[in-house]
Structures are given as structure tokens and as C-alpha cells.
Amino acid sequence: MSDRTIRIYPDPVLREPTREIERFDDDFRSFLKEMESLMYEYDGVGLAAPQVGESLKVAVIAYEGKLYVLVNPRIVDYDGRQMDQEGCLSFPGIFEDVARPASVVVEAQDENGEPYSVEAEGFLARAMCHEIDHLNGKLMIDHLSPMKREMVKKKLKKRKKEDL
């Protein structure tokens, strides 16, 4: 069990620039395991390091029984467009329609620093775009109209007051 918790918007760490990973040591791999555990604990599909308070270029995604570790990832190609509901652990209970590419090619490194490339379509492409956005300080609400964005912010403020 981790002492870390999921950072909720408007926590400033969610907007901070992230640093590339250069050391692939046991401490780093332990951090990845902790991220994976938190993702499952909070019933998420993906989790980016800023969401647990670390400004690092790393995310994990679990999809169809496979764990994708994205270290220093970047989208090198994309095609098409899909529109679907998207949620985020940093915006609990909020689900909004977000446009994303229908397919992407992502280059990244694994937990040992080995480079790899993955082609993703549909939901996996959406998840990869979402998590890589987190690593660039971009959030789900940044894809919404200004009016929708304000509605989401008000909903979160109201929920926070109710939780007090």
C-alpha cells in the first residue's frame, strides 16, 4: 500500500513541466510498481506520474490484460479522429466527450530504458493520448469548450465543499 494519493484538479503539480527519466534503477522500477498499484487501487486504466505528485515523464496503462509502461513517450504519428467519453482519476466522477486521434504511433522506453514503439487504435490510442497529455501539463478539460470547462470546475468546487 502506498502513502501516495491521486492529485485532484486544481493541484498545481498537474500543470508542471515533467522531467525526462535518465536513471532506470531499482528505485525507479519501485516507483513504477507503486504507480501500477495505485492505478488499480483507484480503478483506473492509466496513471501519469504528475497525478501522484511527481513531475516525471512516465505513465502506466493497463489494457486488455497488458501493462504498458511509457517512459519519456512521444506521439510520432497519428491518424483519424474519434469522439468518446473520457474520465480521469484527477477529475473524479467527471466524464466528458473528448476528441482524440483514432490511431497513434508512440515511441517510448520501457522500465529498463529499452526503446520501443507501439501502434494503438481506438480506446488504447485514447488512453495513450490522455496520459501523454498529462506529461505535458495538458488536462482533459483543456479539450473542452470554455463553457464546458467552467461547468466542470464548478462541479468539482461544489463537490469539494460537500466533502468538507
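**Charged side chains: exercises with worked solutions**

Glu-96 is buried (under 20% relative accessible area, where over 50% is exposed and anything in between partly exposed, with a 1.4 Å probe and protein chains only), its own relative accessible area being 10%. This is a predicted model, in which local features need pLDDT of at least 70 and side-chain atom pairs count only at pLDDT 80 or more, while totals for chains, interfaces and linings use all residues. Residues are numbered from 1 along each chain as its sequence is written, and side-chain values use heavy atoms, with hydrogens and water left out.

**Exercise 1.** Find the salt-bridge partner of Glu-96 and state where the two residues lie.

*Solution.* Begin with the criterion, which asks for a side-chain nitrogen of Lys or Arg within 4 Å of a carboxyl oxygen of Asp or Glu. Glu-96 meets this criterion with Lys-148, at an N to O distance of 3.1 Å.

**Exercise 2.** Work out which parts of the chain are linked by the salt bridge between Glu-54 and Arg-4.

*Solution.* The side chains of Glu-54 and Arg-4 come together with 2.9 Å from N to O. Glu-54 sits in the loop between strand E1 (46–48) and strand E2 (58–63), and Arg-4 in the segment before helix H1 (26–41), so that distant parts of the chain, 50 residues apart, are linked. Both ends count as partly exposed, Glu-54 at 25% relative accessibility and Arg-4 at 24%.

**Exercise 3.** Describe the salt bridge that Arg-74 forms.

*Solution.* The partner is Glu-107, and the closest N and O atoms are 3.0 Å apart. Because Arg-74 lies in strand E3 and Glu-107 in strand E6 (residues 103–109), the pair ties together parts that are 33 residues apart in sequence. Arg-74 is partly exposed at 48% relative accessibility, as is Glu-107 at 33%.

**Exercise 4.** How many salt bridges does a search of the whole structure find, and which residues are linked in a network?

*Solution.* The search of the whole structure gives 13 salt bridges. Glu-86, Arg-100, Arg-126 and Asp-133 are linked by salt bridges in a network.

Methods: Helices (H or I, at least four residues) and strands (E, at least two) are DSSP runs, numbered from the N terminus.
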